[in-house]
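Please look over the sequence and the structure below before reading on.

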Amino acid sequence: MYVLNNSTEVLSYILRHEGLVKESNPKMSMSSILNEYNKTFLDWFKDTIFSDDNVFEKLRKLADGPKRNVITWQGYDINKYSFYTKAQDEKSTMQNSGVTQRIESQHFASVHDGNPRVASISYFGFIEEIWELNYVKFIFCVFKCKWVDSNTGVQTYDVGFMLVDLKKLAYQNDPFIMVEQAKQVFYVQDPCDERW
């Protein structure tokens with residue numbers, strides 16, 4: 001699902017399916033509509049793609065999903081950076097598992113909020129696994145990460161440094177990022193407070 005949501009070729013289908021879910025459920029809240037979209041998109045996308053004889057081969061491969069066997073790596077080089085898994089970092093003198101990603105997403109004040117707000121937030125974490133997803137004609141590589149709770153595990157220090165508590169983890173349902181989206185960070189223990 002993460003690969004599909006981050007593929008430009010799929011964007012028009014995402015928007016179309018969101019519209020259909022809204023149209024079918026006019027009294028449903030926006031957060032409920034997004035939940036319904038997430039539950040039904042994969043099957044709808046596959047049915048839609050395979051019922052159209054004129055669709056591009058890449059869309060067919062995306063709709064079919066990756067091969068079941070996933071190759072994993074302990075390290076991955078991209079954009080002049082080397083990324084490691086946390087386990088590989090522990091065997092090395094280098095630290096290459098720290099990542100951050102800035103995301104713009106819709107936020108809801110409550111379940112009944114009909115006016116979501118788009119907000120930009122930085123997430124901090126570390127790479128747990130590196131997966132290579134094979135779609136036969138092309139490959140996507142993703143990082144499976146452990147993410148720090150941005151509400152209780154991240155603070156901004158007076159001089160602009162970010163303080164991160166790597167023990168306050170959250171977002172277990174959204175562990176993946178595309179390797180191209182990752183920005184590398186280096187964590188140093190705060191000498192004043194060891195939990196940061």
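Helices in this briefing are DSSP runs of at least four residues, numbered from the N terminus. The model is a predicted one, and the points below begin with the ring pairs, of which there are eleven in the count of aromatic pairs.

**A ring pair within one helix**

- Phenylalanine 41 and tryptophan 44 form a tilted aromatic pair, with 5.9 Å from centre to centre and 40° between the planes.
- These two residues, phenylalanine 41 and tryptophan 44, are three residues apart in helix H3 (residues 30-50), so about one helical turn separates them.
- Phenylalanine 41 has a relative accessible area of 0% and is therefore buried, and tryptophan 44, at 18% relative accessibility, also counts as buried because the cut-off for that class is under 20%.
- Ring pairs also join Tyr13, Tyr37, Phe41, Trp44 and Phe45 into a cluster.

**A ring pair between distant parts of the chain**

- A pair of aromatic rings is described by the distance of the centres and the angle of the planes.
- For tyrosine 123 and tyrosine 171 the ring centres are 5.2 Å apart and the planes stand at 90°, which means that the pair is edge-to-face, as an angle over 60 degrees is counted that way.
- This pair links distant parts of the chain, since tyrosine 123 belongs to strand E5 while tyrosine 171 lies in the loop between E9 and E10, 48 residues apart.
- Tyrosine 123 is buried, with a relative accessible area of 16%, whereas tyrosine 171 counts as partly exposed at 26% relative accessibility.

**Positive phi angles in two loops**

- Most residues other than glycine have a negative phi.
- Tyrosine 171, which is a residue other than glycine, has a positive phi near 60°, and its place is in the loop between strand E9 (169-170) and strand E10 (176-178).
- Valine 136 likewise has a positive phi, near 75°, in a residue other than glycine, and this valine 136 lies in the loop between strand E5 (117-134) and strand E6 (139-148).
- With a relative accessibility of 54%, valine 136 counts as exposed, because the cut-off for that class is over 50%.

**Lysines over aromatic rings**

- The charged end of lysine 58 sits over the ring of phenylalanine 138, at 5.1 Å from the centre of that ring.
- Lysine 86 lies over the face of phenylalanine 126, and the distance to the ring centre is 5.2 Å.

Key: Residues are numbered from 1 along each chain as its sequence is written. This is a predicted model: local features need pLDDT of at least 70, side-chain atom pairs count only at pLDDT 80 or more; totals for chains, interfaces and linings use all residues. Side-chain values use heavy atoms; hydrogens and water are left out. Buried means under 20% relative accessible area, exposed over 50%, partly exposed in between (1.4 Å probe, protein chains only). Rings of Phe, Tyr and Trp (its six-membered ring) pair if their centres lie within 6.5 Å; planes under 30 degrees apart count as stacked, over 60 as edge-to-face and the rest as tilted. A charge sits over a ring if NZ of Lys or CZ of Arg is within 6 Å of the ring centre and within 35 degrees of the ring normal.
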